[in-house]
Amino acid sequence: MHVEVDFDLCQGHAECQAEAPDWFTVPKGPEARVRAKRGEVPADQLEAVKAAVKYCPTQALRLVEN
Ligand code: SF4
């Protein structure tokens, strides 16, 4: 599975970074948007990334089958 980001929805809340700091980075600043790693989410990151998708307040993240 990999992560897709809808940058039109992302508002830089950084909940994703709080849930999965190894996968998401959100720079500081009013125009901040998430930076997500690309590619297959490894098994040891999957639960954290699922939580990030679940708790993103704008539903900007999706987990997609490869
Ligand atoms: S939690 Fe959602 S809205 Fe906030 S930075 Fe992450 S992807 Fe963007």
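## Accessibility and model basis

A residue is called buried under 20% relative accessible area, exposed over 50%, and partly exposed in between, using a 1.4 Å probe and protein chains only. By that scale alanine 14 is partly exposed, because its relative accessible area is 23%.

The model is predicted: local features need pLDDT of at least 70, side-chain atom pairs count only at pLDDT 80 or more, and totals for chains, interfaces and linings use all residues. Residues are numbered from 1 along each chain as its sequence is written, and side-chain values use heavy atoms, with hydrogens and water left out.

## Cavity and ligand

A search of the whole structure finds one cavity of 30 Å³ or more. A cavity here is a set of points, on a 1 Å grid over the protein atoms alone, where a 1.4 Å probe fits but cannot get out; lining residues have an atom within 4 Å of a point. Grid points are joined across faces, edges and corners, and the volume is the space filled by probe spheres set on the points. The largest cavity has a volume of about 80 Å³ and is the space taken by the ligand, where a molecule sits in a cavity if more than half of its atoms lie within 2 Å of its grid points.

The lining of the largest cavity consists of 13 residues, with Cys10, His13, Ala14, Cys16 and Cys56 nearest its centre. By class, eight lining residues are nonpolar, four polar and one charged. In this scheme Ala, Val, Leu, Ile, Met, Phe, Trp, Tyr, Cys and Pro count as nonpolar, Asp, Glu, Lys and Arg as charged, and the others, Gly among them, as polar.

Alanine 14 lies in the loop between β1 (2–5) and α1 (15–19); helices (H or I, at least four residues) and strands (E, at least two) are DSSP runs, numbered from the N terminus. Its phi is positive, near 70 degrees, in a residue other than glycine.

Glutamine 59, also not a glycine, has a positive phi of about 55 degrees. Glutamine 59 is in the loop between α2 and β4 (61–64) and counts as exposed, because its relative accessibility is 65%.

Glutamine 45 belongs to helix α2 (residues 43–55) and is buried at 13% relative accessibility. Its side chain makes a polar contact with the side chain of aspartate 22 at 3.3 Å. Such a contact is a pair of N or O atoms within 3.5 Å; within protein, one must be able to donate a hydrogen and the other to accept it, and residues adjacent in sequence count only if both atoms are side-chain atoms.

Proline 30 is in the loop between β2 (24–25) and β3 (35–36) and is exposed, at 76% relative accessibility. The C-alpha atoms of proline 30 and leucine 46 are separated by 29 Å, with the two residues 16 apart along the chain.

Terms used: 1 Å grid on protein atoms, 1.4 Å probe; cavity = no way out; pocket = protein on both sides within 12 Å on 5 of 7 lines; lining within 4 Å.
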